[in-house]
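Here is a short note to read beside the model. Please keep the sequence and the coordinates open while going through the points.

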Amino acid sequence: MLTVHHLGKSQSERIVWLCEELGIPYALKHYTRDAVTMLSPPELRALHPIGAAPVITEGEVLLAESAAIMEYILARHGGGRLAPGPEAPEFADYLYWFHFTNGTLQPVLGRLMLLNRAGLPADHKVLLAAQERRERALGHLERRVAAQPWLAGRDFTAADIMIGFTLTTMRYFSPVDLTPYPAIRAYLQRIAARPAYQRAMAKGDPGMPLLLD
Ligand SMILES: N[C@@H](CCC(=O)N[C@@H](CS)C(=O)NCC(=O)O)C(=O)O
């Protein structure tokens, strides 16, 4: 049995959502962040040397890193769904946008989270550079989702699952005003309308207000 080790309010919501989209059987094990540090609890740290979520276990397999877990589940349980293959015209776009999240957008928001915590003055050049980088990434994304409904093109794929957390729950840690990005906000409404997304969030983080606007 595939077990998803899910830390509340974290990137592991991606894995819960993927399992719901695929309709595969899985067990969900919940972990709660330390109320003061917001870090993962000792039980999750005992599971994997990095101690961060997500982690999955399946038989002898223990795997961390959300992108690696997504690829593992898609390859083993996806049956070709949600991941266009090399023969598909949208293959390159799929790969690019799948990796855009953890390669570009998530690090930018993470950097800003730390810079904001450091209490830098609003005009500090490092802070301004990070903000400019965030707006560049969001502008790029805005143009993409204005041009077609989903990141890889006409069809919803795992690339959209990767970015969902970063555009929503991540904003609890690194606030972003999406007012200047109407196409991203419309894209988030398309995500919100998916029954599998609704099920995943209800199971993973019941009661957590979803930052979809
Ligand atoms: N690159 C990793 C990042 C994992 C990560 O930083 N997870 C955060 C939650 S969003 C976490 O577990 N934080 C708590 C901690 O590090 O103690 C991935 O994509 O899985």
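1. Basis. This is a predicted model: local features need pLDDT of at least 70, side-chain atom pairs count only at pLDDT 80 or more, and totals for chains, interfaces and linings use all residues. Residues are numbered from 1 along each chain as its sequence is written, and side-chain values use heavy atoms, with hydrogens and water left out.

2. Fold. The protein has eight helices and four strands. These are DSSP runs, numbered from the N terminus (helices H or I, at least four residues; strands E, at least two). Along the sequence the order is β-α-β-α-β-β-α-α-α-α-α-α.

3. Overall dimensions. The C-alpha trace spans about 50 × 45 × 30 Å along its principal axes. The radius of gyration is 17 Å, which agrees with the value near 17 Å for a compact globule of 213 residues. That radius is taken over C-alpha atoms, and the globule rule is 2.2 Å times the number of residues to the power 0.38.

4. Buried residues make up 50% of the 213. Buried means under 20% relative accessible area, exposed over 50%, and partly exposed in between (1.4 Å probe, protein chains only). Of the contacts with a separation of 6 or more, 67% are between residues 24 or more positions apart. Contact means heavy atoms within 4.5 Å.

5. Two annotated spans. Residues 1-81 are 35% helix and 22% strand, with end C-alpha atoms 20 Å apart. Residues 87-210 are 65% helix and 0% strand, with end C-alpha atoms 36 Å apart.

6. Ligand site. Which residues come nearest to the ligand? Of the 13 around it, they are Ser40, Arg45, Ala53, Glu65 and Ser66. Here near means that a heavy atom of the residue lies within 4 Å. A polar backbone atom of Ala53 is 2.8 Å from a ligand oxygen. A polar side-chain atom of Glu65 is 2.8 Å from a ligand nitrogen. For Ser66, a polar side-chain atom lies 2.5 Å from a ligand oxygen. The protein covers 77% of the 510 Å² of accessible area that the ligand has on its own. Areas come from the Shrake-Rupley method with a 1.4 Å probe; for residues, only the protein chains shown count as cover.

7. Ser66. This residue is in helix H3 (residues 66-77). Ser66 counts as buried because its relative accessibility is 2%. Its side chain makes a polar contact of 2.8 Å with that of Arg14. A polar contact is a pair of N or O atoms within 3.5 Å; within protein, one must be able to donate a hydrogen and the other to accept it, and residues adjacent in sequence count only if both atoms are side-chain atoms. Beyond four places in sequence, Ser66 contacts Gln11, Arg14, Ile15, Pro54, Asn102 and Met162.

8. Helix H6. How many of the ten residues of H6 (residues 158-167) are buried? Ten of ten are. Met162 is one of them. The buried residues pack against H1 (13-22), H3, H4 (91-117), H5 (125-147) and H7 (182-192).

9. Arg134. This arginine sits in helix H5. Arg134 counts as buried, at 14% relative accessibility. Leaving out residues up to four places away, Arg134 touches Val108, Leu109, Leu112, Pro175 and Val176.
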